[in-house]
Each structure stands twice: as structure tokens, then as C-alpha cells.
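The structure is shown first, and the description follows.

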Amino acid sequence: MQDIVEKEFAQKTIIAVVHQFRYIHRFDRVVFLKYGEVVECDTTEVLLQSDSEFRTMYLASQRLASGL
């Protein structure tokens, strides 16, 4: 489904609510919400390189996915 969205709407702005990090690197910007409030907003790369709540959640999801 993600491939279809990217192909058919390549020249459009897409706002996606994502609960998994599987495709997070395909997006230009990430807005990280906590309890309905914006906590962080930047590129995936910047958020992963900083001491961010997004990075903490991302790394935790990676550990869960690998079975650790």
C-alpha cells in the first residue's frame, strides 16, 4: 500500500499517521506527538541523531523487533 501511495501521490503532500517505524525513512518530516501535543518536528535523520523522544521510541521499537 505504501508503494501505491508514493507512486500515485508523488507530487502531493501526504500527511500520514504512523504507529510503526517501518516506513518512517520515506517521509520528509516527522512530527512526534505525545498526548496530542507536538513534542518534536524535524527530519528523521536529525531526530535520530539527537537526544530526542522520537529516537528513544525508535530504538525501543528496534529492540522489540529484534527480540531483545
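## Surface and overall dimensions

The accessible surface of the protein comes to about 5,900 Å², and carbon and sulfur atoms account for 54% of this area. Accessible areas come from the Shrake-Rupley method with a 1.4 Å probe, and for residues only the protein chains shown count as cover. Taken along the principal axes, the C-alpha atoms fill a box of roughly 35 × 30 × 25 Å. Of the 68 residues, 18% count as buried (buried means under 20% relative accessible area, exposed over 50%, and partly exposed in between, with a 1.4 Å probe and protein chains only).

This is a predicted model, in which local features need pLDDT of at least 70 and side-chain atom pairs count only at pLDDT 80 or more, while totals for chains, interfaces and linings use all residues. Residues are numbered from 1 along each chain as its sequence is written, and side-chain values use heavy atoms, with hydrogens and water left out.

## Fold

The protein has 3 helices and 2 strands, and from the N terminus on these elements run α-β-β-α-α. Helices (H or I, at least four residues) and strands (E, at least two) are DSSP runs, numbered from the N terminus. Among contacts between residues at least 6 apart in sequence, 21% join residues at least 24 apart; contact means heavy atoms within 4.5 Å.

## Nonpolar core

The largest nonpolar core has 7 residues in all: Phe21, Ile24, Val30, Phe32, Leu47, Phe54 and Tyr58. Strand S1 (30-34) and helix H3 (53-65) each supply at least two residues of this core. A nonpolar core is a set of buried Ala, Val, Leu, Ile, Met, Phe, Trp, Tyr and Cys residues joined through side-chain atoms within 4.5 Å.

With neighbours within four places in sequence left aside, Tyr58 is in contact with Phe21, Ile24, His25 and Leu48. Thr44, placed in helix H2, counts as buried because its relative accessibility is 1%. With the neighbours within four places in sequence again left aside, Thr44 is in contact with Ile24, His25, Phe27, Val30 and Phe54.

Ser52 lies in the loop between helix H2 (44-49) and H3. At 5% relative accessibility, Ser52 counts as buried. A polar atom of the Ser52 side chain lies 3.0 Å from the backbone nitrogen of Arg55. Beyond neighbours within four places in sequence, Ser52 is in contact with Glu40 and Leu47.

## Nonpolar surface patch

Val31, Leu33 and Val38 make a nonpolar surface patch of about 280 Å². Patches are made of residues with over 30% relative accessible area and no salt bridge: like charges are joined within 9 Å, and nonpolar side chains (Val, Leu, Ile, Met, Phe, Trp, Tyr) within 5 Å.

Leu33 is found in strand S1. Not counting residues up to four places away in sequence, Leu33 touches Val38 and Val39. The C-alpha atoms of Leu33 and Ala65 are separated by 22 Å, the two residues being 32 residues apart along the chain.

## Salt bridges

A search of the whole structure finds 4 salt bridges, a salt bridge being a side-chain nitrogen of Lys or Arg within 4 Å of a carboxyl oxygen of Asp or Glu. In one of them, the side chains of Asp3 and Arg26 meet at 3.1 Å, N to O. This pair links distant parts of the chain, with Asp3 in helix H1 (residues 2-8) and Arg26 in the loop between H1 and S1, 23 residues apart. Arg26 is partly exposed, with a relative accessible area of 39%. Arg26 and Glu6 also meet in a salt bridge through their side chains (3.3 Å, N to O). Here too distant parts of the chain are linked, because Arg26 is in the loop between H1 and S1 and Glu6 in helix H1, 20 residues apart, and Glu6 counts as partly exposed at 31% relative accessibility.

A further salt bridge joins the side chains of Arg29 and Asp42 (3.5 Å, N to O). Arg29 belongs to the loop between H1 and S1 and Asp42 to strand S2 (residues 37-42), 13 residues apart, and the pair links distant parts of the chain. Both count as partly exposed, Arg29 at 47% relative accessibility and Asp42 at 24%. Salt bridges that share partners join Asp3, Glu6 and Arg26 into one network.

Conventions. Polar contact = N/O pair within 3.5 Å; in protein donor to acceptor, adjacent residues only side chain to side chain.
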